[in-house]
Amino acid sequence: MTHLSEASAPELRDGVEVFLYPPKKEICSVLFLFLSNRRRLRIECKPAFTLLLKELSKSQTLADSLERAGLVLDDETEAFLSFLETEGIVTVSDPLETDQLPAAYMEQYKRQVYFLLDILKSPAKAHEVQKRIFDAHITVFGLGAIGSGILQQLCMMGFRRFTLIDYAEVEESDNARTPYRIAMDVGMPKAEAAKALVEDFAFDPQVEMHNVSLRTDTDLGELVQGTSLIVNTTDQPYVGYTNIKLSRYALQHNVPVLAAGGFDAHLASLGELLIPHVTPCADCYATFFHESLKDWKPILHPVKEREGWFGGLGSLSTFSASTAALDILDYFMNPEDRKAAPGGRGEFLFHDYSLDTFVVEKDEECQSCGKGVK
Amino acid sequence: MSSRYSDECFRLRPSVSFVPMPQEGIYQFFVSDIRQSFNLVFSEEVFVKILSNLDGKQPYNKLTEIYALNDRQLVGLERLFELLIERCAVEDAQVVASRESDPFRRVKTFIGSYVPYYDVEAAWQRVADSHAVVIGAGGVGSWVVSLLAQLGIKHFTVLDDDVVKPHNLNRSLFSKGDVGSLKTLALEKMLNSRRDEYYTVKAVEEKLESSERLIALLRDDSQSQTVLINCADFPSVAHTSAIINEAAFALDLPYIIAGGYNMHLSLVGPTIIPGKTPCFHCISHGMDQLKVAEIEGAERVVKEHRNLGNLAPLAAISASFVANECLKLLLGLPNLKPTMIGKRGEFNFFTKKLVLEEYGVWDECPYCARRK
């Protein structure tokens, strides 16, 4: 905090509401409410500082604000202002001003930057995150309801460079769950329809597409080279297998994988973000579920062709895609310096909106990411 | 021996898992698309065999022959099937076959987890023939229209007077090509591109200003089930909700307060049925009682013109709750009541959990107390 001169014009930030309580024995309580995430911060201060907070809600120089509050810029006042800035309660400059990103991009995403400010507290950090999003290259495997739903929301959050992979074509029955920009192109390869979606929704889009299926012998190097994050939504032949294949590749190349939910028996499940050497990997998840479901043995289903005969709602896929998009945003807020954390899975239940959650720990013996693996 | 079933080709529904439990004779039926299960107890080994092979290829009356069932077993099997049909574990493959290329197959199959197979079409038709009145076509409203259209709802009235601007694209469901056009018309275009000539959209280029106007707009709509949805927060949600409440009571229509508004990004609003559930005023009164404790006597300092933050996934999540509530409301099933009746929720986007607060009818509510 070096730039606070009396000529500067710090202002109360738009996303914060301030509640001033009447003074008790010359001490005032203040509540700051951060609107985006409903965070509450309470402090106690001298009455003159509450006058200053009121003045900071107006567009004027610091000198004017101080004078009207009966204060001078001494060490104590400077410390108070510095606290307000660090906590993201006041901003000194226009929070949208940056030379790192195109002006038209900032205009399109300004409401998101305001949102990021509420959480990150400083404009510089918010710009840094948005710039990371602007530059990121995301690879999406599977462009069904969830894959294309995540893709659409990523475009809406400012991501713009994608590799899109799917082998199937858009079908009539995709209508009930996929974004309209894809559902309208019945008969077209999904990767192509998804490319059109990106072109309609993203800022300055750059798309590569591959009309292929993910198989055990697929050479991932060619498909995902240079990618910042992989999204996996392919549930053929089985989502567990495709997650493991991608997760093992990702461990070697240090790329995070978002293993999405939203399919068949997991219509509104939360996805799992697999960060190499930080969270459990897909093998750890497979071991966990293999172990926890070992006594639950359904009889082989008599109906052989079950694909497409599970129910689904656009609202449930959208919920699943949205929570995945939130996880991806969370990752881009802080991609490095992450502490090891357990993973987990959540199943959102339609009938009462509860969330069934399981914690999944890293498997120390894991053959892909455990202790013995270099 | 005659049975109530004959030509039906029953199958275990593809989304249902049939699971023998560790205790002998207990079997679980896990309806996986809604993640609900129930257990049944039966000792006839032959029933296990029948269910394990129930692929919809044999008519019911052939089962007697194939499995050489005696009269007692026949009676038992009929009772078992009655139960499994009612609990949505078994369906007639011939009846659902017509859904093969149905654009709403997934929705119907989902409804089939709450409604016996023979009632699914009629239940979905009730939803499809309904009329959704969406007030406000912004961040949440645009998603709501899209999600309701995906359920198959055919009739829409959308109220909004605004045009799409570039800074709406970060969370409203509009594309770059929609910039400059009216939000109502952009949504109409979106629905028509989904399915040509299926949807009817009445685009009303107005801001919601009075209950009289809303009543006049809806007075003639008497054929279909109608639900009002508040996605408008200008000048405030309280203001628009009060207008909608007034109209909803006058027309006896249910309404949903969406949530996801500018100052309440993570709010999931209540579902209200006039005269049957707590209304907007009951809930506001209840909330005032809670709020007073926190900010009583405090002076609120805010800037006059504010640019508030928002985010695509939060708008989409709010809208997803509205669509879920709408489906529950329009299906009108005793086993699937709207969850948000008398409730207000806060969606925590870190834990992804919805925390609900409950409210009752306010004794002095000018709308509900009168009805009592």
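**Exercise 1. Find which residue of chain B stands opposite A:F19, and describe the pair of strands around it.**

*Solution.* In this predicted model, A:F19 stands opposite B:R300, which belongs to β14(B). As background, strands of a sheet pair through backbone hydrogen bonds, either parallel or antiparallel.

**Exercise 2. Describe the side of chain B that touches chain A, by number, by element and by class.**

*Solution.* Begin with the numbers: 75 residues from chain B and 73 residues from chain A take part in the contact. On the side of chain B, the largest share comes from helix α12 (residues 312-331), which gives seven residues. Sorted by class, this side of chain B holds 33 nonpolar, 25 polar and 17 charged residues.

**Exercise 3. Work out the strand order of the open six-stranded sheet in chain B, and explain why β8 and β13 have a side without a neighbour.**

*Solution.* Reading across the open sheet, the order is β8-β7-β6-β9-β10-β13, and the pairing is mixed. Strands β8 (200-204) and β13 (271-272) of chain B stand at the edges and have a single partner strand each, so one side of each is left without a neighbour in the sheet. For β8(B), that partner can be examined in detail: strand β7 (residues 155-159) of chain B pairs with β8(B) in the parallel sense over five bridges, and in this pairing B:T157 has B:K202 as its bridge partner. Helix α8 (residues 183-194) of chain B packs on the sheet, where it touches β7 and β8 of chain B, and its direction makes about 170° with that of β8(B).

**Exercise 4. Decide how far helix α7 of chain B is enclosed, and say what follows just after this helix.**

*Solution.* Helix α7 of chain B runs over residues 141-151, and eleven of its eleven residues are buried, so this helix is largely enclosed by the rest of the structure. Among these buried residues are B:W143, B:V144, B:L147 and B:L151. Just after α7(B) comes B:G152, which takes a positive phi of about 110°.

**Exercise 5. Identify the residues that touch the most other members of the largest nonpolar core, and follow one of them to its contacts.**

*Solution.* The largest nonpolar core has 188 residues, and those that touch the most other members are B:V134, B:V144 and B:I229. The element that gives the most to this core is α12(B), with 13 residues. Taking B:I229 as the example, and leaving out residues up to four places away in sequence, its contacts include B:V134, B:V144, B:Y255 and B:V322. A second, separate core has 18 residues, including A:L20, A:L53, A:L62 and A:V90. In soluble globular proteins, nonpolar side chains tend to be buried together.

**Exercise 6. Place A:E169 in chain A, and determine why this residue counts as partly exposed.**

*Solution.* A:E169 lies in the loop between β7 (161-165) and α8 (180-183) of chain A. A residue is buried if 20 or more other C-beta atoms lie within 10 Å of its own, and exposed if 12 or fewer do; A:E169 has 16 C-beta neighbours inside 10 Å, and therefore counts as partly exposed. Not counting residues up to four places away in sequence, A:E169 touches A:G187, A:M188, A:P189 and A:K190.

Terms used. Residues numbered from 1 in each chain as written. Chains lettered and ligands numbered in written order. Predicted model: local features only at pLDDT ≥ 70, side-chain atom pairs only at ≥ 80, totals over all residues. Pairing = 2+ DSSP bridges. Helix = DSSP H or I, 4+ residues; strand = E, 2+ residues; numbered from the N terminus. Contact = placed C-beta atoms within 7 Å. Axes fitted to C-alpha atoms, helices over the stretch in contact; angles between N-to-C directions. Nonpolar A, V, L, I, M, F, W, Y, C, P; charged D, E, K, R; others polar. Core = buried A, V, L, I, M, F, W, Y, C linked by C-beta atoms within 7 Å.
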